[in-house]
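I opened the model today to look up its helices, its backbone angles and its surface. My notes follow in the order in which I went through them.

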Amino acid sequence: MTYAALAALFVAATAVIAVLVSWRRRLGSAWWATTALTILGLLLLTVVFDSLMIAVDLFRYDEAQLHGWFVGLAPIEDLAWPIAAGLLLPSLWELFARPADDGERERSGR
């Protein structure tokens, strides 16, 4: 299995989870915009730090498993992981977060 195929499976799974959580929790466009900005930040950091780590030869890739497209020194396949994390983690946060109970908040004095 190539790096791209493995990455595509993870991104597809996290995208399905994000869409289902968005539908279940009725998350609006503001949530999607914030998630997109988070993913953009993660992509930028990934390109910068992967390029630095590759430049100092901390790790190498099997060239036969890569498509050959690079952003900086980072292979395009590496960008799938921040996309998956940027979709999955906010989705899980929304899924498992309990809405604040106003009655409980008033009783506790918060």
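I took helices (H or I, at least four residues) and strands (E, at least two) as DSSP runs, numbered from the N terminus. This is a predicted model, in which local features need pLDDT of at least 70 and side-chain atom pairs count only at pLDDT 80 or more, while totals for chains, interfaces and linings use all residues. Residues are numbered from 1 along each chain as its sequence is written, and side-chain values use heavy atoms, with hydrogens and water left out.

Entry on the loops. I looked up Asp-57, which lies in the loop between helix 2 and strand 1 (70–71), and I noted a positive phi of about 65 degrees there although Asp-57 is not a glycine. For accessibility I used relative accessible area with a 1.4 Å probe and protein chains only, where buried means under 20%, exposed over 50% and partly exposed in between. Asp-57 is partly exposed on this scale, because its relative accessible area is 39%. I then turned to Arg-26, whose place is in the loop between helix 1 and helix 2, and found that its phi is near 55 degrees, again a positive value in a residue other than glycine. Arg-26 counts as exposed, because its relative accessible area is 72%.

Entry on helix 1. Helix 1 covers residues 3–25, which is 23 residues, and reaches 33 Å from its first C-alpha to its last, close to the 33 Å expected; the expected span is 1.5 Å times one less than the number of residues. Its buried residues are Ala-7, Thr-14, Ala-18, Val-21 and Ser-22. What covers them includes helix 2 (29–55) and helix 3 (80–96).

Which residues is Asp-50 in contact with, leaving aside its neighbours within four places in sequence? I counted contact as heavy atoms within 4.5 Å, and with those neighbours left aside I listed Leu-45, Phe-59, Tyr-61, Ala-74 and Asp-78. Asp-50 has its place in helix 2 and counts as buried, because its relative accessibility is 10%. Phe-49 is also found in helix 2, but it is partly exposed, because its relative accessible area is 46%.
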